[in-house]
Amino acid sequence: MRADRVAERLCERELDMLLVTHMTNVRWLSGFTGSNAVIVLGAEERLFITDFRYVEQAAAQVEGFDRLEGERSLLADAARRLRGRVGFEDAHVSVRTLKRLEELAEDAELVPAGDLLEELRAVKEPAELEAIRAAAALADDAAEAVVLSRGLAGRTEREVALELETEMRRLGAEGPSFPSIVAAGPHGALPHAEPRDVEIPAGTLVICDYGARLDGYCSDCTRTFASGPVEGEMVEVYELVLGAQEAALAAVRAGAGLQDVDAVARDRIAAAGHGERFGHSLGHGVGLDVHEEPRLSKQSEGELVAGNVVTVEPGVYLSGAFGVRIEDLVAVTEDGYESFSRLPKGLTVAGE
Ligand code: ZN
Ligand code: ZN
């Protein structure tokens, strides 16, 4: 049980209790999908507090905890139970909430817990891998129907993005896991471009970055399609990014340094003279959040472990001209990875 694994960590960190207030972490720990609840967790304590709106839902979803209906504010109800050294989620608790907590929990010493839960969440269980795999397959099906079979030229970026998201929902997704990016030509040179009401011209590159949410779990994938035949620099940069992406993928396995995997792609792109045009990190973990631990970046410390789910997404952005990004979502295994992204990666004219 996840709560037991957390309790072991508390021991190692010399914490008596953990106060969990961040809803994504509440969900991961308890299975509760509502929007208001607090968990108090200690060696012997498994307490789940929600308000009256969610009492029935919690009874159906939450096992292995004593369930309590909050009387006043959930924070005040939780604070009464806190004693000893109590970890709180400092990445998510506001300054105001912390002040209130300090007033309410007089007997407790509040200690920042850091990424304690996020580190555990970074290693997925088989059921979580299955959920992410299914979300990725669903999103790929949507992209196949909306982009690959129908083509891009002559439609607006917003139309394509909207249809992608509608199709994901139609196929059973709770929704997109983030606002879809459809960015043509020079607009694709902005890594986080918002889709515009602008028609996509023929013969340019179009970045499509999309993901679905299914059973709470996210997917994330990017393909850069051509909207008609392209040549010259567009083809060269595409091949460069694809080569860097595949080289980085080949370095993915349990034990690989997070920085080292990033460096594989970054060094290749730099060697081709485009180092300055790859300004973001290589990838990020994906799970209940679309951006979570671990990060594949220049600054990251640590190694990949089996069960991590990460994106590998180098990009090159030529200001005023076009951008290329290719992103796969993969599960790390002992000797490599399993890719959850299955759309072709060779330069493809959408609609042909
Ligand atoms: Zn993405
Ligand atoms: Zn991503």
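How far apart do the C-alpha centres of domain 1 and domain 2 lie? They lie 34 Å apart, in a predicted model for which local features need pLDDT of at least 70 and side-chain atom pairs count only at pLDDT 80 or more, whereas totals for chains, interfaces and linings use all residues. Residues are numbered from 1 along each chain as its sequence is written, chains are lettered from A and ligands numbered from 1 in the order in which they are written, and side-chain values use heavy atoms, with hydrogens and water left out.

**Domains**

- The chain is divided into domain 1 (2–121) and domain 2 (126–339), with bounds that come from an automatic or database domain assignment.
- Seven residues from domain 1 and eight residues from domain 2 make up the contact, where contact means heavy atoms within 4.5 Å.

**The open sheet**

- Six strands, in the order β4-β3-β2-β1-β5-β6, form an open sheet with mixed pairing; strands are DSSP runs (E, at least two residues) and helices likewise (H or I, at least four), numbered from the N terminus, and two strands pair if DSSP finds at least two bridges between them.
- The edge strands, each pairing on one side only, are β4 (66–69) and β6 (108–112).
- Neighbouring strands of this sheet are turned by 25° against each other on average, direction ignored; the axes are lines fitted to C-alpha atoms, for helices over the stretch in contact, and angles run from 0 to 180 degrees between N-to-C directions.
- Strand β3 (residues 46–50) pairs with β4 in the parallel sense over four bridges, and Ile-49 stands opposite Leu-68 in β4.
- Helix α2 (residues 23–30) packs on the sheet and touches β1 (17–20), β2 (37–42) and β3, its direction making about 60° with that of β2.

**The zinc site**

- Asp-220 bridges the zinc ion (ligand 1) and the zinc ion (ligand 2), which lie 3.1 Å apart.
- Asp-209 counts as buried because its relative accessibility is 5%, and Glu-327 counts as buried at 0%, buried meaning under 20% relative accessible area, exposed over 50% and partly exposed in between (1.4 Å probe, protein chains only).

Conventions. Donors = N, O, S within 2.8 Å, 3.2 Å for Na, K, Ca; no water.
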